[in-house]
Amino acid sequence: MGKAIGQKAEILVQMIQKDFKKIEKYTADINISFEIPYINIDPVKGKVYFKQPNLFKVKTEGIAFMPKQNPFYLMELISDPESYVCIDGGSETNPGSIIRIIQLVPKEHEELILAKIWVDATRRRIVKSSLTTKSNGTVEIQYLYDEKPGSKLPELMVFGIEVGKFKIPKMMSADLNSRTKIQASPPILTQGKIRLNFSNYKLNQDFNEKVFNQ
């Protein structure tokens, strides 16, 4: 692992992608909770399904995320080194690790303008990202992991969103409208958070892939 600390930024990014590629598929339980000003949304429980390179599904009682909402879609971007420009933004120290800061500028992308990632170079995993998008403003994501050796998938992802710009997916909003209580006039622009808690990961175990067609 220590070899990753002094690597060039583009090499470190590819090492992370290589680790992620080793996870061909997984399932996990998920709990989604919301902190969005002026809107009261109950937490949602469900199950997530993923298969390389980009099949992703969340099944809950009423919400289904389409593949474009795959929370790991940043991995899709870095899977092709020719699709972005990698800029080394330096590093900062953190107890027990060195955090590398790397900017990824897509050469051509329909939605993403700029991605900035903070990488734990010791454990070779992304701990924070900031995605500047055309239609959803800037989305910041924090990743928290358990302490098991080699753990590459987060237990918790916290999305920080610009409420006035972030667009809730149609399939999701249809369900939320039935359970959402508007407490006041919608804000012009403010911050909100969406938390994705993952548990009971099952890596590289077979499951019924028809779930992606449902």
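I began with the side chain of Thr133, which reaches the backbone oxygen of Gly137 at 2.8 Å, and its side chain also makes a polar contact of 3.4 Å with that of Glu111; a polar contact here is a pair of N or O atoms within 3.5 Å, where within protein one must be able to donate a hydrogen and the other to accept it, and residues adjacent in sequence count only if both atoms are side-chain atoms. I note that this is a predicted model, in which local features need pLDDT of at least 70 and side-chain atom pairs pLDDT 80 or more, while totals for chains, interfaces and linings use all residues. Residues are numbered from 1 along each chain as its sequence is written, and side-chain values use heavy atoms, with hydrogens and water left out.

I placed Thr133 in strand β9, residues 125–133, strands being DSSP runs of E with at least two residues and helices runs of H or I with at least four, numbered from the N terminus. Thr133 counts as buried because its relative accessibility is 9%, the limit being under 20%, with over 50% exposed and partly exposed in between (1.4 Å probe, protein chains only). Leaving aside residues up to four places away in sequence, I found Thr133 touching Tyr73, Glu111, Leu112 and Ile113, where contact means heavy atoms within 4.5 Å.

I then turned to helix α1, residues 9–21, whose end C-alpha atoms lie 19 Å apart, in agreement with the 18 Å that its 13 residues should span at 1.5 Å a residue, the expected span being 1.5 Å times one less than the number of residues. Among the buried residues of α1 I listed Leu12, Ile16 and Phe20, and the cover over the buried residues includes α2 (73–78), β8 (112–120) and β9.
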